[in-house]
Amino acid sequence: MAGGRGGQEGSGARGGSEVRRRQRKHRGVRLGLSITLALLVLVAAGVGWAYMRLDGNIDTFNADGISGDRPPASTQGTNVLVIGTDARIGGNDELGGGDKSDIGRSDTAFLLHVYADHKHAVAVSIPRDTLVEIPPCKLPDGSWTRPRTNTMFNAAYSVGESAKGNPACTQNTVEKLTGLRVDHTMVVDFKGFARMTEAVGGVQVCLPQDIYQRDLNPNRTTRGDQIFAKGPQTVSGQKALDYVRIRHGMGDGSDIGRIQRQQAFVASLIKKVKSDGLTPTKLFPLADAATQSLTVDPGLGSADKLISFAMSLRDMDLHNTKFITLPWRYQGERVAIVHPDAEALWAALKADRTLDGQDAGNHQSEQVGATSPSPSGGAAAMGTGISVAVYDGTTVTGLAARAADALKQHGFTVTGTTPAMVRTQTKTVIEYGPGQRDQAEKAAQVFPGAEVTSAAAPGINVILGRTYADAPQPSASSATTASPAPTALPTGVAGTARSADDDVCSNLSYG
């Protein structure tokens, strides 16, 4: 009996020990699950906090000022207007100087075209002194301005003379200039720029010479201290801002030279971000710094939308990310647009073609070459309502009639075909009267390489040159059934491009 009881007690002890082990195991599992859940809650809360912080940083501008007369939306890539402003509010006066009561001005601007394949992109800088047409813009009191012609591009941002500027007006102006629909607009001020360079740990630049304080401020009577040493170096914050804003002490002292330096800097910044890796740990400090001084259109007015757009660019190829400047020439102290090179550039972006003429979006049926556009579909309506007189500046029989037929196929009304007074014309010239520049530029699309120039008398006149006579003419069948083969842009446009992977010390002629 005693032995039996001892056996039972031993069995019970072993059973109790097993129960206690299972209880400890279950408690361990429950504790592990609790810790895991707690960590998940903390991570979710952290993500939520991060999004709330970024959301709180972002400012949007009023979309009511965006024109109702806009280019049609396109599925061939995305166009983003980036405006750098020297507004002297929110601490920016401490970085850029100036008066806090001053109105906001656009210091730099470029149109970024992200191709449909999200592996190619091109940023087109628009010089601030470029003479353009500024369409009607909305004022703070709700009224709209009259169109302004032959006006400097950066004046659009100052319409309304408000401290924060007028990004909607600049967007309207870019759409009028390019014929491209701007999908998103971003405004970055001095402070935001400086913070972004600090967030990535600095950006590498390269200088062709030593730079002193007087180079940044030409009003100084003495050279001052050295700001930068010759050669490659890493800059951030105020020094980065000084680098991209120096104008008079580097290169030719022009705004064009400064634009090229800014392009090199942005390329270097992109390279740095890509090399660090597009991880949340790396991206959050950059996003936090950027959004604190970023103003965007309502389409990007939340952290979710902004991050989604940024992540869509993660596969962008550095070599295929290009920087160029709108085709330009000096006109006195201002900058004039070179035609028809500018139109060829806008046509390439509209067709999602790269600078070397490749189709980056696989839109084979929608390619548009640099030759005369096909007179089918929308192209046939290009000249609707536009009257053109044709003058033959050569001795080639039937040339004026051929040009008249080409114009009519594109919807133009030809008022007459007569010999020109001078019959030794080399290049085709298109003259336009006051307020008719847009009409002349449409006519120029029928005559690739034509020069567009203003005249005192009203009307559109096409003076044919030998270049048009010598140009190969498409057959009637090919003109209506096939799209032209893609072609590269003129060398003067594509040949000046800088890639994001270029060596930081290459091509220092820009200063």
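The structure is a predicted model. Its secondary structure comprises 15 helices and 21 strands. Of the 511 residues in the chain, 44% count as buried. Among contacts with a separation of 6 or more, 71% are accounted for by residues 24 or more positions apart. A search of the whole structure finds two disulfides.

**Packing of helix 6 and helix 7**

- Helix 6 spans residues 237-245 and helix 7 spans residues 255-276; their axes come within 8 Å and cross at roughly 140 degrees.
- The two helices, helix 6 and helix 7, are therefore oblique to each other, since an angle has to be over 145 degrees to count as roughly antiparallel.
- On the helix 6 side the contact is made by Ala-240, Tyr-243, Val-244 and Arg-245, which meet Arg-258, Arg-261, Gln-262 and Phe-265 of helix 7.
- By residue class, the contact of helix 6 with helix 7 divides into four nonpolar, one polar and three charged residues.

**Nonpolar cores**

- The largest nonpolar core holds 43 residues, and the members that touch the most others are Leu-112, Met-186, Phe-193, Leu-207, Phe-228, Tyr-243 and Phe-265.

**Disulfides**

- With bonded cysteines counted along the chain, the disulfides follow the pattern 1-2, 3-4.
- Cys-137 and Cys-169 are both buried.
- The other disulfide joins Cys-206 to Cys-505, with an S to S distance of 2.1 Å.
- For Cys-206 and Cys-505 the torsion about the S-S bond is about 90 degrees, so this disulfide is right-handed as well.
- The pair of Cys-206 and Cys-505 links distant parts of the chain, 299 residues apart, with Cys-206 in strand 8 (residues 203-207) and Cys-505 in the segment after strand 21 (498-499).
- Cys-206 is buried, with a relative accessible area of 4%, whereas Cys-505 is partly exposed, with a relative accessible area of 30%.

**Two arginines in loops**

- Arg-423 is located in the loop between strand 17 (413-419) and strand 18 (429-432), and its relative accessibility of 33% makes it partly exposed.
- Apart from neighbours within four places in sequence, Arg-423 is in contact with Asp-392, Gly-393, Thr-394 and Thr-395.
- Arg-423 and Ile-463 are 40 residues apart in sequence, with a C-alpha to C-alpha distance of 9.8 Å.
- Arg-220 is placed in the loop between helix 5 (213-216) and strand 10 (226-228), where it is partly exposed with a relative accessible area of 30%.
- Not counting residues up to four places away in sequence, Arg-220 touches Gln-213 and Arg-214.

**Backbone geometry**

- The peptide bond from His-339 to Pro-340 is cis, with omega near 5 degrees.
- Pro-340 occupies the loop between strand 15 (334-337) and helix 10 (341-350).
- Glu-161 is a residue other than glycine with a positive phi, near 50 degrees.
- Glu-161 sits in the loop between strand 6 and helix 3 and counts as exposed at 61% relative accessibility.
- Asp-352, again a residue other than glycine, has a positive phi near 65 degrees.
- Asp-352 is found in the loop between helix 10 and strand 16 (387-392) and is buried, with a relative accessible area of 0%.

Notes. Residues are numbered from 1 along each chain as its sequence is written. This is a predicted model: local features need pLDDT of at least 70, side-chain atom pairs count only at pLDDT 80 or more; totals for chains, interfaces and linings use all residues. Side-chain values use heavy atoms; hydrogens and water are left out. Axes are lines fitted to C-alpha atoms, for helices over the stretch in contact, and angles run from 0 to 180 degrees between N-to-C directions. Helices (H or I, at least four residues) and strands (E, at least two) are DSSP runs, numbered from the N terminus. Angles under 35 degrees count as roughly parallel, over 145 as roughly antiparallel, 65 to 115 as roughly perpendicular and the rest as oblique. Contact means heavy atoms within 4.5 Å. Ala, Val, Leu, Ile, Met, Phe, Trp, Tyr, Cys and Pro count as nonpolar, Asp, Glu, Lys and Arg as charged, and the others, Gly among them, as polar. A nonpolar core is a set of buried Ala, Val, Leu, Ile, Met, Phe, Trp, Tyr and Cys residues joined through side-chain atoms within 4.5 Å. Buried means under 20% relative accessible area, exposed over 50%, partly exposed in between (1.4 Å probe, protein chains only). A disulfide is a pair of cysteine sulfur atoms within 2.5 Å.
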